[in-house]
Structures are given as structure tokens and as C-alpha cells.
Amino acid sequence: MAMQLRQMDAMEDVVVRRWSRRPQSVRLARVELRATLAGWGLGEITESSTLVLSELLTNAVRHARVSPGREIETRFMRTPRGVRIEVHDASDQRPEKRPLVVEAANGRGLILVAALADRWSVAPREGAGKVVWAEINSPDGEGGCCGA
């Protein structure tokens with residue numbers, strides 16, 4: 001039944017999922033994104049897209065200071081040229097790209113996002129919190145999308 005639902009979701013132009021603020025959610029979200037991109041015929045951007053998702057969702061899991069039990073939402077949207085990945089959380093704290101420090105054990109996430117994504121940003125969302133989003137385009141510029 002779950003596989004049937006995933007196949008139906010992949011035919012839609014938007015896939016929305018909610019995740020608990022646990023590290024395991026990042027791995028599960030990557031599986032969802034891989035299945036979605038395969039369904040959309042966007043296999044050529046799977047690696048860069050899943051890495052971007054990992055960085056954005058890991059930031060939300062680690063740093064979004066919200067009430068216990070609040071979930072993080074991901075949205076994968078097919079665009080005319082590829083995919084838009086959004087990570088929504090209820091924290092108003094915005095992520096900041098830090099200068100690269102070679103010796104640092106962390107702090108490279110948004111540097112990777114900026115390098116891999118064609119565009120990315122942070123915006124407020126309706127209600128509390130923010131959305132961090134990134135767009136990854138197919139190398140040939142064709143996202144196989146929806147009449148655009």
C-alpha cells in the first residue's frame with residue numbers, strides 16, 4: 001500500500017511530508033526525494049538534490065528551537081526546469097552561511113547548498129517560522145514538467 005501511494009504521489013507536481021525532529025528523518029526524507037525524482041524522470045539531479053535536502057533538513061533538525069512534538073515539513077515541487085525543495089519549520093531563527101573554516105567539524109552545510117543549488121533562500125512562512133528553499137535544475141534545462 002505504501003508503495004502504491006508513493007507512485008501516486010510521484011505523479012503529482014508537489015509532494016508534502018512531515019517529519020519528527022529526529023536525525024533518522026533526514027535519511028527517510030532522502031528516500032522520499034529519490035523516489036519522487038525517479039517518478040518525475042529527474043534521475044540526473046538526484047545526487048545533488050538529496051545532498052541539498054540533507055543539509056537543509058539537518059539544519060532544521062539540529063537548530064530549529066521549537067516546542068517538543070512540532071514537526072518539520074518538506075515540500076518537493078516539480079518545476080519547469082527541475083525541482084524546488086522546501087524545508088518548513090516553526091523557528092524564526094534564520095540559518096546563516098558562515099565563512100569556510102577548513103579545520104571546523106561543521107558549518108559547511110549552506111556553503112554546499114549554495115554550490116549545488118541554482119538558487120536558494122530563506123523566507124518567512126504563514127504563521128510562525130520560516131521556509132528554507134533551494135532549486136536544482138536539470139543540466140539540460142528540461143524538468144519534464146507540467147506544461148510549462
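Predicted model: local features only at pLDDT ≥ 70, side-chain atom pairs only at ≥ 80, totals over all residues.

Reader: What span does α2 reach from its first C-alpha to its last?
Author: Helix α2 runs over residues 24-39 and so has 16 residues, for which 22 Å is expected at 1.5 Å a residue.

Reader: Within what arc do the buried residues of α2 fall, seen down its axis?
Author: The buried residues of this helix are S25, V26, A29, E32, L33, T36 and L37. Seen down the axis of α2 they line one face of the helix, because they fall within an arc of 130°.

Reader: Which element gives the largest share of the largest nonpolar core?
Author: The largest nonpolar core has 27 residues, and those with the most contacts inside it are L53, L56 and L57. Among the elements that give two or more residues to this core are β1 (14-19), α2, β3 (82-89) and β5 (130-137). The largest share, six residues, comes from α3.

Reader: Which residue lies over the face of W133?
Author: Leaving aside its neighbours within four places in sequence, L56 is in contact with W133, and also with I85, V87, L110, V113, V132 and A134. By the rule for ring pairs, the count of aromatic pairs comes to zero. Over the face of W133, at 4.1 Å from the ring centre, lies R84.

Technical notes
Residues numbered from 1 in each chain as written. Heavy atoms only, no water. Helix = DSSP H or I, 4+ residues; strand = E, 2+ residues; numbered from the N terminus. Buried < 20%, exposed > 50% of the residue type's maximum accessible area, 1.4 Å probe, protein only. Arc of directions from axis to C-beta. Core = buried A, V, L, I, M, F, W, Y, C linked by side-chain atoms within 4.5 Å. Contact = heavy atoms within 4.5 Å. Phe/Tyr/Trp six-rings, centres within 6.5 Å; stacked < 30°, edge-to-face > 60°. Lys NZ or Arg CZ within 6 Å of the ring centre and 35° of its normal.
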